[in-house]
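Work through the exercises below with the coordinates open. Each task is followed by a solution in steps.

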Amino acid sequence: MAFRPRPSQLLTAFAALLASLAMPLFAAVSESDRNFFENKIRPVLAAECYECHGATKQKAGLRLDHRAGLLEGGDSGAVIVVGDAAKSLLIQSIKHAHDDLKMPKNGAKLDNRIIADFEKWIRMGAPDPRDHPPTAEESAKDMDWKTVLKLRKQWWCFQPVSHPEPPTVKNAAWSSHPVDRFVLKKLEEANLPPAKRADAATIIRRINYVLIGLPPSPEEVAAFEESAIRNPKSAIVSLVDRLLKSPRFGETWARHWMDWVRYAESYGSEGDSPIPYAWRYRDYLIRAFNQDVPYPQMVREAIAGDLLPQPRLNQELALNESALGTAQLRMVMHGFSPVDTLDEKVTFTDNQIDVVTKTFQGLTVTCARCHNHKFDAISQTDYYALFGIFNSTHPAIIDVGTKDKDKASRESLVKLKEEIKTAVSKTWLKAAEALPVIVAKPQEAKRIESYRQWNLRKDAWFADGDGVKQGATKAGAFSIASSGESVISHVHSAGVFTDLISTKDRGVLMSPRFKCEGGTLWMRSMGTNGARVRYIVENYPRTGTIHKAKDFKDEGDDTHGWRKLD
């Protein structure tokens, strides 16, 4: 039996054939349409689609880097229906309308503004000036990082804060607060009624938990309920003011901050060594919240509090509060005794970047350690710019006392030491007159084999702390005894000593970088009260079973002598 189509069917088929022939052959794109495509559509296709549907790869048989490929579609058929955005598979996929088809693949859903641009473009007729398939080189140029970055910088989270007008709502009497108007607008669009107002007991309980982390007492609940009956708004304002003044406010919100910066009191790993003075950072945060220190100031202190030209000083406690803020950079896991110290240093520096950027920027910056970020506006260059800064620092215990108080104390100690020096010198000179003349016999000097020797008066060592500001001293410098019957504790040979003014002075002395080819290091040193000498491998801040250190705590350690580190 022969099939004979009706005239209407022939007309429909002929029209479809003409349409299929004409689709790749759009009329010339107008200047305004070209600008819309080049500014709104092409950058998104290049940044989000060309990797899988471009010149080098065509997943599902789909190519989106030129007009004919876009209109032809892929294994699932056409991806756009010109003039009808809702029926276009491209729009459905970027809207995540189907669980099994969400684009970009493994990426965040595109911003609603971008989706709206694509819908408008299709309704415009999908004007596309890309006449020919690009080469791999041309496609790579379209996918250049500068192009991608330009697009990603348009995301809402990178835009300046705006002040939109609250929307108009049907039930305007529900709340006059502008934030509530935005909430109510969405509720009304979804045909959902707002929740009923909470009673007074619920309100005080919620506010207590938010501000101080503790429930109210039965007496506080009763008092608030009674006050709320008379004047609800005044009762809430009074409650909030009272809780903000509570010391518990700082304790509660410091805990949230500590969670973000991964506060810890030890370094973890198998050694789990304690972090010195970690509690000072905890108390610093509590004071900052209770004193209502502005957030931008706390961020500055967290990143470079020890370098601020005008630090925040606490005169009551004689503390440089700003310098305490950088302590969070120490709270990363340090391996107890890694074999590859350089790899371990890279790991914990990466961790510092991860903590700082997630906490203060809300971004996963460390994803750019090996490549430009897959989703965020962060390049590999950005990552290593940060890495260079963090990697160039070294953990240390610093003096956080206020300089004014320290200056006055030091001036007094220096004056007192000069008086002691004068008095002791007179006594020694008088006693020396009665001493017999002794001819010293030459002694055999112990020869120390070393690949490198330094003269502390000439070589540029890094010094930090009040105890080493004076640099190397000549033989005869002395330290004052802080207890006992003696006035002088030590008379020193030439060298650098931290206790010339006070045993409370700290000091760090670091040599220039060198290669210890023999694996053995000799240090002419002495110390007491927890002083330490060690060699630092690849700038790694920890010691353990492999990287030796000498802690001065045994009998005889307060005598200058050669000590071996290997």
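Rings of Phe, Tyr and Trp (its six-membered ring) pair if their centres lie within 6.5 Å; planes under 30 degrees apart count as stacked, over 60 as edge-to-face and the rest as tilted. The model is predicted: local features need pLDDT of at least 70, side-chain atom pairs count only at pLDDT 80 or more, and totals for chains, interfaces and linings use all residues. Residues are numbered from 1 along each chain as its sequence is written, and side-chain values use heavy atoms, with hydrogens and water left out.

**Exercise 1. Ring pairs**

Task: find which residues ring pairs link into a cluster, and classify the pair of Trp-257 and Phe-289.

Solution.
- Under the ring rule, the count comes to 10 aromatic pairs.
- The ring centres of Trp-257 and Phe-289 are 6.0 Å apart and the planes stand at 75°, so this pair is edge-to-face.
- Trp-257 belongs to helix H12 (residues 247-260) and Phe-289 to helix H13 (residues 278-290), so the pair ties together parts 32 residues apart in sequence. Helices (H or I, at least four residues) and strands (E, at least two) are DSSP runs, numbered from the N terminus.
- Trp-257 is buried at a relative accessible area of 11%, and Phe-289 is buried at 17%. Buried means under 20% relative accessible area, exposed over 50%, partly exposed in between (1.4 Å probe, protein chains only).
- The cluster linked by ring pairs consists of Trp-257, Phe-289, Tyr-295 and Phe-360.

**Exercise 2. Two packed helices**

Task: describe how helix H14 (residues 295-304) and helix H16 (residues 341-361) pack.

Solution.
- Two packed helices are described by the angle between their axes and the distance between the axes.
- For H14 and H16 the angle is about 175° and the axes are 12 Å apart. Axes are lines fitted to C-alpha atoms, for helices over the stretch in contact, and angles run from 0 to 180 degrees between N-to-C directions.
- H14 is therefore roughly antiparallel to H16 (under 35 degrees is roughly parallel, over 145 roughly antiparallel, 65 to 115 roughly perpendicular, the rest oblique).
- Tyr-295, Val-299, Ala-302 and Ile-303 of H14 make the contact with Val-356, Thr-359 and Phe-360 of H16; contact means heavy atoms within 4.5 Å.

**Exercise 3. Two loop residues**

Task: state where Leu-110 and His-492 are found, and what each touches.

Solution.
- Leu-110 has its place in the loop between helix H4 (89-94) and helix H5 (112-123), and is buried at 10% relative accessible area.
- Leaving aside neighbours within four places in sequence, Leu-110 is in contact with Val-44, Glu-48, Ile-94, Pro-104 and Ile-115. Val-44 is 66 residues from Leu-110 in sequence, with 9.2 Å between the C-alpha atoms.
- Pro-104 lies in the loop between H4 and H5 and is joined to Met-103 by a cis peptide bond, with omega about 0°.
- His-492 is in the loop between strand E5 (488-491) and strand E6 (508-510), buried at 5% relative accessibility.
- Residues up to four places away in sequence not counted, His-492 touches residues including Ser-479, Phe-497 and Met-526.
- The side chains of His-492 and Ser-479 make a polar contact (2.8 Å). A polar contact is a pair of N or O atoms within 3.5 Å; within protein, one must be able to donate a hydrogen and the other to accept it, and residues adjacent in sequence count only if both atoms are side-chain atoms.
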